[in-house]
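Keep the model open beside you as you read.

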Amino acid sequence: MIVLPTAAREAILERAREGMPDEVCGVLGGAYEPDGRSRVRSQYPAENVAETPRTRYEIDSEQQLRIFERLEDRGEEIVGFYHSHPRGPPRPSATDAARATWPDRSYLIVSLEPLEVGSWRWRTGGDGANAPGDRFEREELVVE
């Protein structure tokens with residue numbers, strides 16, 4: 001389960017609307033609770049530097065490092081990432097699965113058509129990238 005503050009959800013939705021027709025992306029900071037749920041405390045927008053930003057997202061590695069350092073300075077963990085699918089669907093694409101690299105992190109996906117926010121956790125089933133058994137698992141998203 002991932003718990004997302006209403007203010008963070010609204011900021012991500014607004015950014016997705018403003019970013020159309022391109023995908024927007026960013027990092028979710030927060031903490032893991034003893035029961036395994038992720039609690040988002042902050043969201044860090046990032047520039048989408050993908051070669052085809054209408055259908056892909058990529059965070060610049062230097063900007064990502066700066067965001068990670070900022071999270072660490074604030075005592076937060078990387079609990080996940082977000083990006084938009086301006087024209088749906090609100091679930092991971094084959095490309096999202098092929099490029100997922102952060103096990104046990106949440107991947108929040110915003111669809112604007114239809115308007116929906118979903119979250120998936122990346123699970124690994126073996127050694128190495130894209131090993132058999134690697135998959136996204138839908139997770140409960142609680143907005144509070």
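Helix α1 (residues 6–19) lies across β1, β2 (25–32), β3, β4 (77–85), β5 (106–112), β6 (115–123) and β8, and runs at about 55° to β5. Helices here are DSSP runs of H or I, at least four residues, and strands are runs of E, at least two, numbered from the N terminus; angles run from 0 to 180 degrees between N-to-C directions, with axes fitted to C-alpha atoms, for helices over the stretch in contact. This is a predicted model, where local features need pLDDT of at least 70, side-chain atom pairs count only at pLDDT 80 or more, and totals for chains, interfaces and linings use all residues. Residues are numbered from 1 along each chain as its sequence is written, and side-chain values use heavy atoms, leaving out hydrogens and water.

Helix α2 (residues 61–73) also packs on the sheet, touching β2, β3 and β4 (contact means heavy atoms within 4.5 Å). Its direction makes about 140° with that of β3.

Which residues of α2 are buried? They are Q63, I67, F68 and L71, where buried means under 20% relative accessible area, exposed over 50% and partly exposed in between (1.4 Å probe, protein chains only). Seen down the axis of α2, these buried residues fall within an arc of 140°, taken from the directions from the helix axis to the C-beta atoms, so they line one face of the helix. Their cover includes β2, β3 and β4. On the other side of α2, S61, E62, E72 and D73 are exposed. After α2 comes G75, with a positive phi near 75°.
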